[in-house]
Amino acid sequence: MSLPRTENNSSGAALSHQKPQLPQLVIKGKTLKVPIVQGGMGVGVSLFPLASAVASEGGLGIVSSACLDRLVSKRLGKRIGTYDAAYEEVARAKSLGGLAGINIMVALVKDYPDSVKGALDAGADAIISGAGLPLSLPAIQAPKDTALIPIVSSARALEIICKKWEKLRYRPDAVVLEGPLAGGHLGFRMDQIDLDSNKLENLLPPVKEMAIKMGNFPVIVAGGIYTYEDIMRFVAMGADGVQMGTRFLATEESSASAEYKQAVIQAEDDDIVVAHRPGSPCGLPFRVIRHSPMYESSLKALRKPKCDKGYVLLKDAEGKFSVCPAKVDNKDYFCICNGLLSSAGYNRTEEEPLYTVGTNASRIGGIVSVKALMDELSGKSI
Ligand SMILES: Cc1cc2nc3c(=O)[nH]c(=O)nc-3n(C[C@H](O)[C@H](O)[C@H](O)COP(=O)(O)O)c2cc1C
Ligand code: SF4
(Lines give C-alpha, C1' and ligand atoms only; values in the text may rest on other atoms or scores of the structure.)
(Ligands and ions follow the chains in the order given, each with its own letter.)
Protein backbone atom coordinates (compact mmCIF):
# COMPACT_ATOMS: atom_id res chain seq x y z
CA MET A 1 0.00 0.00 0.00
CA SER A 2 1.33 3.46 -0.81
CA LEU A 3 1.87 5.95 1.99
CA PRO A 4 0.55 9.51 1.78
CA ARG A 5 3.02 11.99 0.27
CA THR A 6 3.57 14.82 2.73
CA GLU A 7 5.57 18.01 2.87
CA ASN A 8 5.97 20.64 5.58
CA ASN A 9 4.37 24.06 5.36
CA SER A 10 6.00 27.15 6.87
CA SER A 11 4.70 26.31 10.36
CA GLY A 12 6.16 22.81 10.09
CA ALA A 13 2.74 21.05 9.90
CA ALA A 14 2.46 18.20 7.40
CA LEU A 15 0.28 18.79 4.30
CA SER A 16 -1.12 15.66 2.64
CA HIS A 17 -1.24 15.35 -1.18
CA GLN A 18 -2.75 11.92 -1.05
CA LYS A 19 -5.82 11.46 -3.21
CA PRO A 20 -8.34 8.75 -2.33
CA GLN A 21 -7.11 5.39 -3.61
CA LEU A 22 -8.72 3.84 -6.67
CA PRO A 23 -10.58 0.63 -5.86
CA GLN A 24 -9.11 -2.72 -6.87
CA LEU A 25 -10.72 -4.71 -9.66
CA VAL A 26 -11.23 -8.47 -9.40
CA ILE A 27 -11.72 -10.38 -12.64
CA LYS A 28 -12.18 -14.16 -12.54
CA GLY A 29 -10.63 -14.27 -9.07
CA LYS A 30 -7.53 -12.27 -10.03
CA THR A 31 -6.94 -8.87 -8.45
CA LEU A 32 -5.74 -5.77 -10.30
CA LYS A 33 -4.22 -3.30 -7.84
CA VAL A 34 -5.62 -0.46 -9.92
CA PRO A 35 -8.82 -0.82 -11.98
CA ILE A 36 -7.07 0.24 -15.19
CA VAL A 37 -7.10 -1.88 -18.35
CA GLN A 38 -4.74 -0.67 -21.07
CA GLY A 39 -6.82 -1.10 -24.22
CA GLY A 40 -5.54 -3.37 -26.98
CA MET A 41 -4.20 -1.22 -29.82
CA GLY A 42 -3.61 -2.71 -33.22
CA VAL A 43 -1.75 -2.70 -35.41
CA GLY A 44 1.45 -3.07 -33.44
CA VAL A 45 0.85 -0.25 -30.93
CA SER A 46 0.23 -2.42 -27.87
CA LEU A 47 2.83 -5.14 -28.06
CA PHE A 48 4.65 -6.79 -25.16
CA PRO A 49 6.76 -3.75 -24.13
CA LEU A 50 3.65 -1.71 -23.35
CA ALA A 51 1.52 -4.53 -21.94
CA SER A 52 4.26 -5.85 -19.63
CA ALA A 53 4.99 -2.33 -18.33
CA VAL A 54 1.30 -1.79 -17.50
CA ALA A 55 1.08 -5.24 -15.88
CA SER A 56 4.12 -4.43 -13.70
CA GLU A 57 2.38 -1.29 -12.48
CA GLY A 58 -0.70 -3.21 -11.31
CA GLY A 59 -2.99 -2.64 -14.32
CA LEU A 60 -4.10 -5.15 -16.97
CA GLY A 61 -1.70 -5.00 -19.94
CA ILE A 62 -3.21 -5.98 -23.26
CA VAL A 63 -1.43 -6.80 -26.51
CA SER A 64 -3.32 -6.62 -29.80
CA SER A 65 -3.58 -9.68 -32.03
CA ALA A 66 -3.93 -7.63 -35.23
CA CYS A 67 -1.32 -8.61 -37.88
CA LEU A 68 0.77 -10.10 -35.07
CA ASP A 69 2.22 -12.90 -37.20
CA ARG A 70 3.97 -10.37 -39.46
CA LEU A 71 5.14 -8.13 -36.61
CA VAL A 72 6.54 -10.94 -34.46
CA SER A 73 8.07 -12.72 -37.48
CA LYS A 74 9.94 -9.51 -38.32
CA ARG A 75 11.15 -9.14 -34.74
CA LEU A 76 12.29 -12.76 -34.47
CA GLY A 77 13.78 -12.85 -37.96
CA LYS A 78 11.89 -16.04 -38.85
CA ARG A 79 8.43 -16.67 -40.23
CA ILE A 80 5.92 -17.78 -37.63
CA GLY A 81 2.15 -18.24 -37.83
CA THR A 82 -0.80 -16.68 -36.01
CA TYR A 83 -0.96 -19.23 -33.17
CA ASP A 84 2.75 -18.93 -32.35
CA ALA A 85 2.70 -15.13 -32.59
CA ALA A 86 -0.20 -14.86 -30.12
CA TYR A 87 1.52 -17.35 -27.81
CA GLU A 88 4.85 -15.50 -27.95
CA GLU A 89 3.42 -12.03 -27.38
CA VAL A 90 1.20 -13.04 -24.46
CA ALA A 91 4.01 -15.02 -22.80
CA ARG A 92 6.34 -12.02 -23.07
CA ALA A 93 3.66 -9.60 -21.85
CA LYS A 94 3.36 -11.74 -18.70
CA SER A 95 7.09 -12.23 -18.22
CA LEU A 96 7.68 -9.27 -15.86
CA GLY A 97 4.83 -10.27 -13.56
CA GLY A 98 1.35 -8.82 -13.12
CA LEU A 99 -1.69 -9.52 -15.26
CA ALA A 100 -1.66 -9.41 -19.05
CA GLY A 101 -3.87 -10.55 -21.89
CA ILE A 102 -4.78 -9.95 -25.50
CA ASN A 103 -7.34 -8.08 -27.60
CA ILE A 104 -8.65 -10.12 -30.52
CA MET A 105 -11.03 -8.38 -32.91
CA VAL A 106 -13.96 -10.38 -34.27
CA ALA A 107 -13.46 -8.59 -37.61
CA LEU A 108 -10.18 -10.51 -38.03
CA VAL A 109 -12.25 -13.59 -38.92
CA LYS A 110 -9.56 -15.67 -40.62
CA ASP A 111 -7.06 -15.56 -37.73
CA TYR A 112 -9.57 -15.46 -34.87
CA PRO A 113 -9.51 -19.12 -33.71
CA ASP A 114 -5.71 -19.45 -33.89
CA SER A 115 -5.21 -16.16 -32.02
CA VAL A 116 -7.56 -17.36 -29.27
CA LYS A 117 -5.85 -20.77 -28.98
CA GLY A 118 -2.34 -19.29 -28.88
CA ALA A 119 -3.35 -16.81 -26.18
CA LEU A 120 -5.10 -19.45 -24.08
CA ASP A 121 -2.17 -21.86 -24.29
CA ALA A 122 0.21 -19.07 -23.22
CA GLY A 123 -1.93 -18.50 -20.11
CA ALA A 124 -3.38 -15.08 -20.99
CA ASP A 125 -5.14 -13.55 -17.99
CA ALA A 126 -7.81 -12.14 -20.29
CA ILE A 127 -9.06 -12.20 -23.85
CA ILE A 128 -10.91 -9.00 -24.71
CA SER A 129 -12.89 -9.16 -27.93
CA GLY A 130 -14.95 -6.63 -29.88
CA ALA A 131 -15.27 -5.02 -33.35
CA GLY A 132 -18.21 -7.37 -33.84
CA LEU A 133 -19.99 -9.65 -31.36
CA PRO A 134 -17.71 -12.45 -30.07
CA LEU A 135 -20.55 -14.98 -30.04
CA SER A 136 -18.43 -18.11 -30.43
CA LEU A 137 -15.50 -17.14 -28.19
CA PRO A 138 -16.13 -19.63 -25.33
CA ALA A 139 -16.63 -22.48 -27.84
CA ILE A 140 -13.15 -22.29 -29.39
CA GLN A 141 -11.23 -23.91 -26.56
CA ALA A 142 -11.76 -24.29 -22.78
CA PRO A 143 -10.60 -20.97 -21.29
CA LYS A 144 -9.47 -22.40 -17.92
CA ASP A 145 -8.08 -19.42 -15.91
CA THR A 146 -8.38 -16.92 -18.76
CA ALA A 147 -11.13 -14.31 -18.39
CA LEU A 148 -13.31 -13.88 -21.48
CA ILE A 149 -14.39 -10.25 -21.84
CA PRO A 150 -16.60 -8.99 -24.69
CA ILE A 151 -16.62 -5.33 -25.77
CA VAL A 152 -20.08 -3.84 -26.32
CA SER A 153 -21.60 -0.45 -27.05
CA SER A 154 -25.08 -1.17 -25.66
CA ALA A 155 -27.01 -3.24 -23.14
CA ARG A 156 -28.77 -4.97 -26.05
CA ALA A 157 -25.46 -6.24 -27.47
CA LEU A 158 -24.46 -7.51 -24.03
CA GLU A 159 -27.78 -9.34 -23.69
CA ILE A 160 -27.33 -11.04 -27.08
CA ILE A 161 -23.82 -12.19 -26.14
CA CYS A 162 -24.88 -13.44 -22.69
CA LYS A 163 -27.81 -15.42 -24.15
CA LYS A 164 -25.56 -17.05 -26.75
CA TRP A 165 -22.82 -17.78 -24.19
CA GLU A 166 -25.42 -19.30 -21.81
CA LYS A 167 -25.98 -22.00 -24.41
CA LEU A 168 -22.22 -22.60 -24.35
CA ARG A 169 -22.41 -22.73 -20.53
CA TYR A 170 -20.30 -19.61 -20.11
CA ARG A 171 -20.87 -16.19 -18.60
CA PRO A 172 -18.67 -13.16 -19.35
CA ASP A 173 -16.00 -12.63 -16.69
CA ALA A 174 -16.38 -8.87 -17.23
CA VAL A 175 -17.56 -6.58 -20.02
CA VAL A 176 -15.96 -3.53 -21.62
CA LEU A 177 -18.51 -0.85 -22.47
CA GLU A 178 -16.95 1.34 -25.16
CA GLY A 179 -18.55 4.70 -25.94
CA PRO A 180 -18.23 6.83 -29.11
CA LEU A 181 -15.16 8.88 -28.05
CA ALA A 182 -12.79 5.88 -28.34
CA GLY A 183 -10.01 5.30 -30.82
CA GLY A 184 -10.08 2.58 -33.47
CA HIS A 185 -13.37 1.15 -34.78
CA LEU A 186 -16.55 2.48 -33.17
CA GLY A 187 -19.59 0.34 -32.43
CA PHE A 188 -22.01 3.04 -33.59
CA ARG A 189 -23.45 4.19 -36.91
CA MET A 190 -22.25 7.62 -38.06
CA ASP A 191 -25.60 9.21 -37.13
CA GLN A 192 -25.47 7.71 -33.61
CA ILE A 193 -22.04 8.97 -32.59
CA ASP A 194 -23.08 12.39 -31.32
CA LEU A 195 -26.38 11.42 -29.71
CA ASP A 196 -26.75 12.39 -26.07
CA SER A 197 -28.16 8.94 -25.33
CA ASN A 198 -24.85 7.42 -26.50
CA LYS A 199 -22.64 9.38 -24.12
CA LEU A 200 -20.67 6.92 -22.00
CA GLU A 201 -22.31 8.13 -18.78
CA ASN A 202 -25.75 7.49 -20.31
CA LEU A 203 -24.82 4.06 -21.70
CA LEU A 204 -23.44 2.89 -18.35
CA PRO A 205 -26.63 2.51 -16.24
CA PRO A 206 -28.45 0.07 -18.57
CA VAL A 207 -25.26 -1.91 -19.21
CA LYS A 208 -24.54 -2.12 -15.47
CA GLU A 209 -28.11 -3.30 -14.89
CA MET A 210 -27.75 -5.95 -17.59
CA ALA A 211 -24.40 -7.12 -16.15
CA ILE A 212 -26.03 -7.49 -12.71
CA LYS A 213 -28.97 -9.37 -14.21
CA MET A 214 -26.77 -11.72 -16.23
CA GLY A 215 -24.50 -12.76 -13.36
CA ASN A 216 -23.13 -9.66 -11.69
CA PHE A 217 -19.78 -9.35 -13.47
CA PRO A 218 -17.62 -6.19 -13.59
CA VAL A 219 -18.30 -3.39 -16.08
CA ILE A 220 -15.22 -1.64 -17.48
CA VAL A 221 -15.91 1.65 -19.26
CA ALA A 222 -13.88 2.97 -22.20
CA GLY A 223 -13.72 5.93 -24.55
CA GLY A 224 -12.66 9.44 -23.59
CA ILE A 225 -11.35 8.70 -20.09
CA TYR A 226 -8.27 10.80 -19.48
CA THR A 227 -7.59 11.64 -15.81
CA TYR A 228 -7.67 10.18 -12.31
CA GLU A 229 -10.76 12.34 -11.75
CA ASP A 230 -12.47 10.80 -14.81
CA ILE A 231 -11.81 7.34 -13.39
CA MET A 232 -13.21 8.33 -9.99
CA ARG A 233 -16.27 9.89 -11.66
CA PHE A 234 -17.11 6.68 -13.52
CA VAL A 235 -16.42 4.56 -10.43
CA ALA A 236 -18.90 6.74 -8.54
CA MET A 237 -21.42 6.07 -11.33
CA GLY A 238 -21.10 2.32 -10.89
CA ALA A 239 -18.22 1.34 -13.19
CA ASP A 240 -15.87 -1.29 -11.80
CA GLY A 241 -12.90 -0.27 -13.93
CA VAL A 242 -11.78 1.69 -16.99
CA GLN A 243 -10.09 0.79 -20.26
CA MET A 244 -7.86 3.47 -21.76
CA GLY A 245 -6.17 3.55 -25.15
CA THR A 246 -5.05 6.97 -26.35
CA ARG A 247 -3.06 7.87 -23.22
CA PHE A 248 -1.09 4.63 -23.49
CA LEU A 249 -0.51 5.22 -27.22
CA ALA A 250 1.58 8.25 -26.21
CA THR A 251 3.96 6.39 -23.88
CA GLU A 252 7.61 5.50 -24.31
CA GLU A 253 6.71 1.81 -24.21
CA SER A 254 4.06 1.92 -26.96
CA SER A 255 5.34 0.50 -30.24
CA ALA A 256 3.75 3.17 -32.46
CA SER A 257 6.33 4.73 -34.79
CA ALA A 258 8.01 8.00 -33.76
CA GLU A 259 6.08 9.81 -36.55
CA TYR A 260 2.79 8.45 -35.20
CA LYS A 261 3.55 9.66 -31.67
CA GLN A 262 4.56 13.06 -33.07
CA ALA A 263 1.28 13.29 -35.01
CA VAL A 264 -0.61 12.58 -31.77
CA ILE A 265 1.27 15.34 -29.93
CA GLN A 266 0.54 17.83 -32.72
CA ALA A 267 -3.13 16.91 -33.22
CA GLU A 268 -5.69 19.61 -32.38
CA ASP A 269 -9.42 19.02 -31.87
CA ASP A 270 -10.23 19.75 -35.52
CA ASP A 271 -7.62 17.28 -36.75
CA ILE A 272 -9.45 14.30 -35.28
CA VAL A 273 -12.22 12.97 -37.51
CA VAL A 274 -14.35 9.87 -37.86
CA ALA A 275 -13.54 8.22 -41.18
CA HIS A 276 -16.41 6.74 -43.18
CA ARG A 277 -16.54 6.61 -46.97
CA PRO A 278 -13.65 6.67 -47.34
CA GLY A 279 -13.30 4.50 -44.30
CA SER A 280 -12.53 1.07 -42.92
CA PRO A 281 -13.40 -1.93 -45.07
CA CYS A 282 -14.75 -3.50 -41.88
CA GLY A 283 -17.74 -1.18 -42.30
CA LEU A 284 -17.53 0.46 -38.87
CA PRO A 285 -16.73 4.17 -38.38
CA PHE A 286 -13.03 4.58 -37.60
CA ARG A 287 -11.46 7.56 -35.81
CA VAL A 288 -8.28 8.95 -37.37
CA ILE A 289 -5.99 11.95 -37.47
CA ARG A 290 -7.10 13.82 -40.60
CA HIS A 291 -3.51 14.38 -41.75
CA SER A 292 -2.63 10.68 -41.73
CA PRO A 293 -0.99 10.19 -45.13
CA MET A 294 -3.15 7.18 -46.06
CA TYR A 295 -6.37 8.95 -45.07
CA GLU A 296 -5.46 12.04 -47.08
CA SER A 297 -4.62 9.88 -50.10
CA SER A 298 -7.87 7.96 -49.74
CA LEU A 299 -9.83 11.25 -49.96
CA LYS A 300 -8.36 11.58 -53.45
CA ALA A 301 -8.47 7.84 -54.22
CA LEU A 302 -4.71 7.94 -54.90
CA ARG A 303 -3.72 4.42 -53.82
CA LYS A 304 -4.49 1.78 -56.43
CA PRO A 305 -6.44 -1.12 -54.84
CA LYS A 306 -4.05 -3.93 -53.96
CA CYS A 307 -4.61 -6.73 -51.47
CA ASP A 308 -1.42 -8.33 -50.18
CA LYS A 309 -2.08 -8.72 -46.44
CA GLY A 310 -5.63 -10.08 -46.17
CA TYR A 311 -6.32 -9.73 -42.43
CA VAL A 312 -9.90 -8.49 -42.78
CA LEU A 313 -10.97 -10.83 -45.58
CA LEU A 314 -14.39 -12.45 -45.28
CA LYS A 315 -15.54 -15.71 -46.88
CA ASP A 316 -17.03 -15.78 -50.37
CA ALA A 317 -19.89 -18.07 -51.47
CA GLU A 318 -17.47 -20.98 -51.79
CA GLY A 319 -16.13 -20.52 -48.27
CA LYS A 320 -12.81 -19.03 -49.38
CA PHE A 321 -11.43 -15.96 -47.60
CA SER A 322 -11.42 -13.59 -50.56
CA VAL A 323 -13.83 -10.72 -49.83
CA CYS A 324 -12.75 -7.19 -48.81
CA PRO A 325 -14.31 -4.05 -50.30
CA ALA A 326 -10.92 -2.25 -50.27
CA LYS A 327 -9.65 -4.81 -52.79
CA VAL A 328 -11.71 -3.24 -55.54
CA ASP A 329 -12.87 0.17 -54.29
CA ASN A 330 -10.41 2.91 -53.35
CA LYS A 331 -13.03 5.67 -53.24
CA ASP A 332 -15.04 4.41 -50.28
CA TYR A 333 -12.38 2.35 -48.49
CA PHE A 334 -8.75 2.55 -47.47
CA CYS A 335 -6.52 -0.49 -47.15
CA ILE A 336 -6.56 -0.68 -43.38
CA CYS A 337 -4.11 -3.62 -43.10
CA ASN A 338 -1.36 -1.73 -44.91
CA GLY A 339 -2.11 1.68 -43.39
CA LEU A 340 -1.96 0.40 -39.83
CA LEU A 341 1.06 -1.84 -40.43
CA SER A 342 2.86 1.22 -41.80
CA SER A 343 1.97 3.27 -38.70
CA ALA A 344 3.71 0.62 -36.61
CA GLY A 345 6.80 1.05 -38.83
CA TYR A 346 6.35 -2.33 -40.55
CA ASN A 347 6.30 -1.40 -44.24
CA ARG A 348 6.90 2.32 -44.03
CA THR A 349 8.69 2.66 -47.36
CA GLU A 350 6.00 0.88 -49.40
CA GLU A 351 2.77 2.09 -47.80
CA GLU A 352 1.51 5.30 -46.21
CA PRO A 353 0.58 5.25 -42.52
CA LEU A 354 -2.89 5.62 -41.07
CA TYR A 355 -3.09 7.03 -37.54
CA THR A 356 -6.06 6.06 -35.38
CA VAL A 357 -6.66 7.90 -32.08
CA GLY A 358 -9.41 8.65 -29.56
CA THR A 359 -10.92 12.16 -29.31
CA ASN A 360 -8.60 12.93 -26.41
CA ALA A 361 -5.50 12.79 -28.58
CA SER A 362 -5.72 16.60 -28.84
CA ARG A 363 -4.97 16.84 -25.10
CA ILE A 364 -1.73 14.87 -25.33
CA GLY A 365 1.26 17.20 -24.94
CA GLY A 366 4.18 14.78 -24.79
CA ILE A 367 5.40 11.23 -24.39
CA VAL A 368 5.63 9.85 -20.86
CA SER A 369 6.68 6.55 -19.34
CA VAL A 370 4.06 4.00 -18.34
CA LYS A 371 5.21 4.36 -14.72
CA ALA A 372 4.62 8.13 -14.73
CA LEU A 373 1.24 7.69 -16.41
CA MET A 374 0.10 4.96 -14.01
CA ASP A 375 1.22 7.08 -11.03
CA GLU A 376 -0.76 10.02 -12.38
CA LEU A 377 -3.86 7.94 -13.14
CA SER A 378 -3.87 6.27 -9.75
CA GLY A 379 -3.65 9.64 -7.96
CA LYS A 380 -0.07 9.26 -6.71
CA SER A 381 1.22 12.30 -8.63
CA ILE A 382 -0.40 15.28 -10.33
C1 LIG B 1 -4.25 3.39 -31.70
C2 LIG B 1 -5.46 2.65 -31.25
C3 LIG B 1 -5.65 1.36 -31.70
C4 LIG B 1 -6.75 0.61 -31.25
N5 LIG B 1 -6.88 -0.68 -31.65
C6 LIG B 1 -7.88 -1.45 -31.14
C7 LIG B 1 -7.93 -2.84 -31.45
O8 LIG B 1 -7.09 -3.38 -32.16
N9 LIG B 1 -8.96 -3.55 -30.94
C10 LIG B 1 -9.90 -2.98 -30.11
O11 LIG B 1 -10.83 -3.68 -29.67
N12 LIG B 1 -9.84 -1.67 -29.77
C13 LIG B 1 -8.84 -0.92 -30.25
N14 LIG B 1 -8.73 0.41 -29.87
C15 LIG B 1 -9.63 0.93 -28.80
C16 LIG B 1 -8.90 0.91 -27.43
O17 LIG B 1 -8.60 -0.39 -27.03
C18 LIG B 1 -9.71 1.59 -26.32
O19 LIG B 1 -10.86 0.87 -25.96
C20 LIG B 1 -10.17 2.99 -26.67
O21 LIG B 1 -9.21 3.67 -27.40
C22 LIG B 1 -10.53 3.75 -25.41
O23 LIG B 1 -10.69 5.10 -25.66
P24 LIG B 1 -9.56 6.20 -25.38
O25 LIG B 1 -8.60 6.07 -26.49
O26 LIG B 1 -10.30 7.48 -25.39
O27 LIG B 1 -8.94 5.89 -24.05
C28 LIG B 1 -7.67 1.19 -30.35
C29 LIG B 1 -7.48 2.51 -29.93
C30 LIG B 1 -6.39 3.23 -30.36
C31 LIG B 1 -6.20 4.64 -29.86
S1 SF4 C 1 -7.53 -5.04 -49.43
FE2 SF4 C 1 -6.17 -4.20 -47.89
S3 SF4 C 1 -7.56 -3.99 -46.12
FE4 SF4 C 1 -8.55 -5.44 -47.49
S5 SF4 C 1 -7.86 -7.47 -46.76
FE6 SF4 C 1 -6.51 -6.79 -48.45
S7 SF4 C 1 -4.75 -5.90 -47.45
FE8 SF4 C 1 -6.44 -5.95 -45.94
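What covers the buried residues of α4? In this predicted model, the cover includes α3, β7 (99–103), β8 (126–129) and α5 (137–140).

**Helix α4 and its contact with α3**

- Within α4, the buried residues are Y112, S115, V116, G118, A119 and L120, and α3 is among the elements that cover the buried residues of this helix.
- The axes of helix α3 (residues 82–93) and helix α4 (residues 112–121) cross at roughly 35° and come within 7 Å, and the crossing in which α3 passes α4 is right-handed.
- On the α3 side the contact involves T82, Y83, A86, Y87 and V90, which meet D114, S115, K117, G118, A119 and D121 on the α4 side; by class, the residues of this contact divide into 5 nonpolar, 3 polar and 3 charged.
- S115, G118 and A119 of α4 are buried, and these residues are also among those that meet α3.
- After α4 comes G123, for which phi is positive, with a value near 80°.

**The pair α6 and α7**

- Helix α6 (residues 155–167) and helix α7 (residues 200–213) have axes that come within 8 Å and cross at roughly 20°; because angles under 35 degrees count as roughly parallel, α6 and α7 are therefore roughly parallel to each other.
- The crossing in which α6 passes α7 is right-handed, and the contact is made by A155, L158 and E159 from α6 together with P206, V207, M210, A211 and K213 from α7.
- By class, the contact of α6 with α7 has 6 nonpolar and 2 charged residues, and no polar ones.

**Helix α8 and its cover**

- In helix α8 (residues 228–236), the buried residues are Y228, D230, I231 and F234, and they cover an arc of only 160° around the axis, which puts them on the same side of α8.
- An α-helix has 3.6 residues a turn, so residues three or four places apart point the same way.
- After α8 comes G238, for which phi is positive, with a value near 115°.

Technical notes: Residues numbered from 1 in each chain as written. Chains lettered and ligands numbered in written order. Predicted model: local features only at pLDDT ≥ 70, side-chain atom pairs only at ≥ 80, totals over all residues. Heavy atoms only, no water. Axes fitted to C-alpha atoms, helices over the stretch in contact; angles between N-to-C directions. Helix = DSSP H or I, 4+ residues; strand = E, 2+ residues; numbered from the N terminus. Left-handed = near helix turned anticlockwise from the far one by under 90°. Contact = heavy atoms within 4.5 Å. Nonpolar A, V, L, I, M, F, W, Y, C, P; charged D, E, K, R; others polar. Buried < 20%, exposed > 50% of the residue type's maximum accessible area, 1.4 Å probe, protein only. Parallel < 35°, antiparallel > 145°, perpendicular 65-115°, else oblique. Arc of directions from axis to C-beta.
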